[in-house]
Amino acid sequence: MEKVLLLGNEAVARGLYEAGVTVVSAYPGTPSTEITESACKYDEIYTEWAPNEKVAFEVAFGASMAGARAFCAMKHVGLNVAADPLYTASYIGVNGGMVCAVADDPGMHSSQNEQDSRRHAIASKVPMLEVSDSAECLDFTKKAFDLSEEFDTPVLLRLTTRISHSRSPVALSERLNFEKKPYRKDVMKNVMMPAMARGAHVKVEERLKKLTEWADTTAFDLGINKKIMFDRKIGVIAAGSCYVYAREALGENASYLKLGIVNPLPVKAIQAFASEVETLYVIEELDDIIETHCIKLGLKVIGKEKFSFLGEFNQGIVRKAVLGEEKESVSLDIPIPPRPPVLCAGCPHRGLFYALKKFKLYVSGDIGCYTLGAQAPLSMMDSCVCMGASVSGLHGFNVASGKEQAKKSVAVIGDSTFIHSGITGLIDIAYNKGISTVIVLDNSITGMTGHQNNPANGLTIKGDPTVAVDLEALARAVGIRRVRVVDPFDIEGVRKVVAEELEAEEASLIISRRPCALLKNVKHEPAMYVDRDVCTGCKACLQVGCPAIMQIKSDAGKSKAYIDPNQCVGCGVCAASCRFGAIRKGGN
Amino acid sequence: MSDTKNILIVGVGGQGTLLASKLLGKCFLEQGYDVKVSEVHGMSQRGGSVVTYVRYGKEVFSPVIDKGEADIIISFEQLEAARWLPYLKKGGLLITNTQKLNPMPVIMGTAEYPERVIDKIKEKGVRVIAVDALDLALQAGSVKATNVVLLGVAAKELGLGEKIWLDIIEKTVPPKTVELNKEAFVKGYNAIS
């Protein structure tokens, strides 16, 4: 059979196709986004972007109740948002199979925390499978649907950044012709009121016991759990990426119990494996969940005493912890400046932040590309917690600090994040007579996750035209009377409007509107240039924090501003920073 | 302990490291190897330091490469070559673009871009191939093809011959850019004689 190289995320999508799934809903979130983007390419699957993960989960759950095989995907922190439906969906169970993929981010490549989603599986008492390469992404996705239907439960599929974003070979099969199950009204099963939920909880506990038996038996027959015996001096229990790191580092010098189901964990299989090896290691990124389970079983294991609770592992970490060996390497003994990610040249967020800088504000921040505005030289963020927290957090800050402080503070939030969960905070401000100023950075796209359409930009996941949320009308409808729209490239215009809205003793919404500079349909202006005879070398333009502007030494040895024409897209924000008028618009 | 070969591709977000790794991965898969390619998506794309791992062999487990393990590092930028140098195996090869891109601390004047980076690496006894891939890409028709120029340089070292790669390029890149990329590849392939 022909093998193709697929990203872990693409392989999950292929698994959805082969499993006969017909409904997929998701909110983008690195590292999970490409699952849904890839699923969208199969015409047989209805795919959508939902406004947030809770909605996505509920859409998939509704589709499952109707009898279809349904799926939703999210990043780890997205599962917090979807936790509410998850915990009760666990009580109700499914009709058509339902799987929710959750992608954790050990090492926080693109996240605000590195929580361990296995905790949600334990707390909601639903089974969780964990994958270690793209082939398993495809295979376990399909098996997760069978498991869901067999045990009448939603199933969580855990990925981590490395697995989601690594390509490895996958063999493709035909799509299963899954016949939608009939829907039958069943109040005792599907309506969770106390009387029904008490009965449902009994079933959930029984289900968990049966799943433990399954993890000890059938999971091995299906190749979800695997026992791989080589040298028995060292035994390793691991799942997902940690298994491949261990296998890479230790090869045939150790034996392995590779777990594909991480909730509930097997019992007898772990006890048996422990008795067959001399020294038993548990290797797991983030929390000590397998280790705690082993300790509960009375087993002696080496886990977090050698392996950190922090960050992402690799084979080098395993090699050092288990064998005490390190590879030789060379390095330069000179300081190497860091290269943090930055707002792109021509990014509309830069203009807005640069304009705001003058006001010396408390800036309540949020999640998106604009979070990069927290870094020097813009340094325009005082807080960043989670999706939507900028708006509600600002309200709390201002209620506690009083009217005068409210005149020196704003919230900044992207269009997609505002729809996700900023709007509820705005309703809170309006309803409770707050006077905060909220700025929506409307760049017509969900940017940070790699350009996904959203309910505010008038395009579906497939790029088809649809209704767009009218942000101005929405704000007015919830009771915000002061609604203004500004162009973030018009620095003076932004400053004038912001000054007025800060001063106003009632709530305002300012929409800073300009599309992301990386969107294909955005036309760029000719590059700006510096008149080096006029430039005094004062460095004021460097405060704009644009990667295209730098200082270069002239022949006379004096450092003056220079704009890299390969990077500059002519947004002109830097021109507003130069009081000598040395930065000019370029010609064609 | 294994026959697995490790190629590390490093650069600055937006330079096109992903396409280079994708082409490498496809090529090794067609040669019958097991392959793993680990990419970076999301936040670090925005002008940050990025790294992609390509591993191939009989059976590849880990998708990542750790310090002291890379057989070849392909660097799209000088400073990134210095940053990732510790990942090179003893006796490994560094292929680097001579292009320099200032990171924000250097732009802000809070840090200096080190001088003579390539010479300093050579002084450590590392085998280095340095090429002006940006210029070769411009000659081929677009700076956007810098990634494929560097792939061409690496392909010569990997010794599979030119044709295999040109076929892979033709099958992978958008039709409108096939000729540009093929030309860029050939320029890289012939850069070092």
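Strand 6 (residues 128-130) and strand 7 (residues 155-160) of chain A pair in the parallel sense, over 3 bridges. Here two strands count as paired if DSSP finds at least two bridges between them. Helices (H or I, at least four residues) and strands (E, at least two) are DSSP runs, numbered from the N terminus. Met128(A) has Leu156(A) of strand 7 as its bridge partner. This is a predicted model: local features need pLDDT of at least 70, side-chain atom pairs count only at pLDDT 80 or more, and totals for chains, interfaces and linings use all residues. Residues are numbered from 1 along each chain as its sequence is written, chains are lettered from A and ligands numbered from 1 in the order in which they are written, and side-chain values use heavy atoms, with hydrogens and water left out.

The pair belongs to an open sheet of 7 strands in chain A, in the order 3-2-4-5-7-6-12, with mixed pairing. Strand 3 (46-49) and strand 12 (261-263) stand at the edges with a single partner strand each, so one side of each has no neighbour in the sheet. From one strand to the next, the twist averages 25 degrees. Helix 3 (residues 53-66) of chain A packs on this sheet. Helix 3 touches strand 2 (23-26), strand 3, strand 4 (70-75) and strand 5 (98-104), and its direction makes about 165 degrees with that of strand 4. Contact means heavy atoms within 4.5 Å. Axes are lines fitted to C-alpha atoms, for helices over the stretch in contact, and angles run from 0 to 180 degrees between N-to-C directions.

## The five-stranded sheet

Another open sheet in chain A has 5 strands in the order 14-15-16-18-17, and its pairing is parallel. Strand 14 (362-364) and strand 17 (482-486) are at the edges; each has a single partner strand, so one side of each lacks a neighbour in the sheet. The twist averages 25 degrees between one strand and the next.

Strand 15 (residues 409-414) and strand 16 (residues 437-442) of chain A pair in the parallel sense over 5 bridges. Within strand 16, Leu441(A) is the bridge partner of Gly414(A). Helix 21 (residues 491-503) of chain A lies across strands 15, 16, 17 and 18 (508-513), at about 165 degrees to strand 17.

## Cis peptides and positive phi

The Asn263(A) to Pro264(A) peptide bond is cis, with omega near -10 degrees. Pro264(A) sits in the loop between strand 12 and helix 13 (268-276) of chain A. Ala376(A) and Pro377(A) are also joined by a cis peptide bond, with omega about 5 degrees. Pro377(A) is in the loop between strand 14 and helix 17 (389-401) of chain A.

Ser379(A) lies in the loop between strand 14 and helix 17 of chain A. Ser379(A) is not a glycine, yet its phi is positive, at about 45 degrees. Its relative accessible area is 42%, so Ser379(A) counts as partly exposed. The classes are buried under 20% relative accessible area, exposed over 50%, and partly exposed in between (1.4 Å probe, protein chains only). Ser444(A) has a positive phi near 65 degrees. Ser444(A) is in the loop between strand 16 and helix 20 (471-477) of chain A, and is partly exposed at 25%.

## Salt bridges

The structure holds 51 salt bridges over all chains (a side-chain nitrogen of Lys or Arg within 4 Å of a carboxyl oxygen of Asp or Glu). Arg14(A) and Glu18(A) form one, at 2.8 Å from N to O. These residues are 4 apart in helix 1 (residues 8-18) of chain A, about one helical turn. Arg14(A) is buried at 13% relative accessible area, and Glu18(A) is buried at 1%.

Glu136(A) bridges to Lys258(A), with the closest N and O atoms 2.9 Å apart. Glu136(A) is in helix 7 (residues 134-151) and Lys258(A) in strand 11 (residues 255-259), so the pair ties together parts 122 residues apart in sequence. Glu136(A) is buried at 7%, and Lys258(A) is buried at 2%.

## A buried glutamine

Gln315(A) lies in helix 15 (residues 315-323) of chain A. Gln315(A) is buried, with a relative accessible area of 0%. Leaving aside neighbours within four places in sequence, Gln315(A) is in contact with residues including Tyr245(A), Glu248(A), Arg55(B) and Glu69(B). Ala246(A) is 69 residues from Gln315(A) in sequence and 6.2 Å away in space, C-alpha to C-alpha.
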